[in-house]
Amino acid sequence: MGLGGCIILIAAGAILTFATDWEMEGVNLDLVGIILMIVGLIGTTTFSSIARRRRVVVPPATPVVDEEGHHHRRDGYSDGYGA
């Protein structure tokens with residue numbers, strides 16, 4: 001469940017708890033709303049802690065200098081120095 005699902009749970013729980021006055025036989029809608037809000041808050045905190053761990057800043061890799069990649073002359077000189 002993503003962040004959007006957690007926010008929907010919180011909103012649905014708040015609507016059931018504070019905005020309705022329905023009566024159901026054997027079901028306490030206020031308690032169901034509170035439970036939905038708690039589950040939504042737990043999901044939101046879990047999601048945010050996981051997202052914080054994913055945001056690890058990795059410095060860019062430094063280019064590797066290949067020393068063997070130089071072209072050598074065949075006339076007795078190497079990199080401009082005498083033999």
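Which backbone oxygen lies 2.8 Å from a polar atom of the side chain of T20? Point 2 gives the reply, after a quick overview.

1. Please keep in mind that this is a predicted model. The protein chain has two helices and zero strands. Helix 1 covers 3-19 and helix 2 covers 29-54.

2. The oxygen in question belongs to L16: its backbone oxygen is 2.8 Å away from a polar atom in the T20 side chain. T20 itself sits in the loop between helix 1 and helix 2. Buried or exposed, how does T20 count? Buried, because its relative accessibility is 19% and the cut-off for buried is under 20%.

3. Now have a look at the surface. M1, L31, I35 and V39 together make a nonpolar patch there, with about 400 Å² of accessible area between them. One of these residues, V39, belongs to helix 2. V39 has a relative accessible area of 39% and so counts as partly exposed, a class that runs between the 20% and 50% cut-offs.

4. For the chain as a whole, buried residues account for 14% of the 83 residues. The accessible surface amounts to about 7300 Å², and carbon and sulfur atoms contribute 63% of that.

5. Lastly, a word on contacts. Taking those between residues at least 6 apart in sequence, 45% link residues at least 24 apart.

Terms used:
Residues are numbered from 1 along each chain as its sequence is written. This is a predicted model: local features need pLDDT of at least 70, side-chain atom pairs count only at pLDDT 80 or more; totals for chains, interfaces and linings use all residues. Side-chain values use heavy atoms; hydrogens and water are left out. Helices (H or I, at least four residues) and strands (E, at least two) are DSSP runs, numbered from the N terminus. Buried means under 20% relative accessible area, exposed over 50%, partly exposed in between (1.4 Å probe, protein chains only). A polar contact is a pair of N or O atoms within 3.5 Å; within protein, one must be able to donate a hydrogen and the other to accept it, and residues adjacent in sequence count only if both atoms are side-chain atoms. Patches are made of residues with over 30% relative accessible area and no salt bridge: like charges are joined within 9 Å, nonpolar side chains (Val, Leu, Ile, Met, Phe, Trp, Tyr) within 5 Å. Accessible areas come from the Shrake-Rupley method with a 1.4 Å probe; for residues, only the protein chains shown count as cover. A salt bridge is a side-chain nitrogen of Lys or Arg within 4 Å of a carboxyl oxygen of Asp or Glu. Contact means heavy atoms within 4.5 Å.
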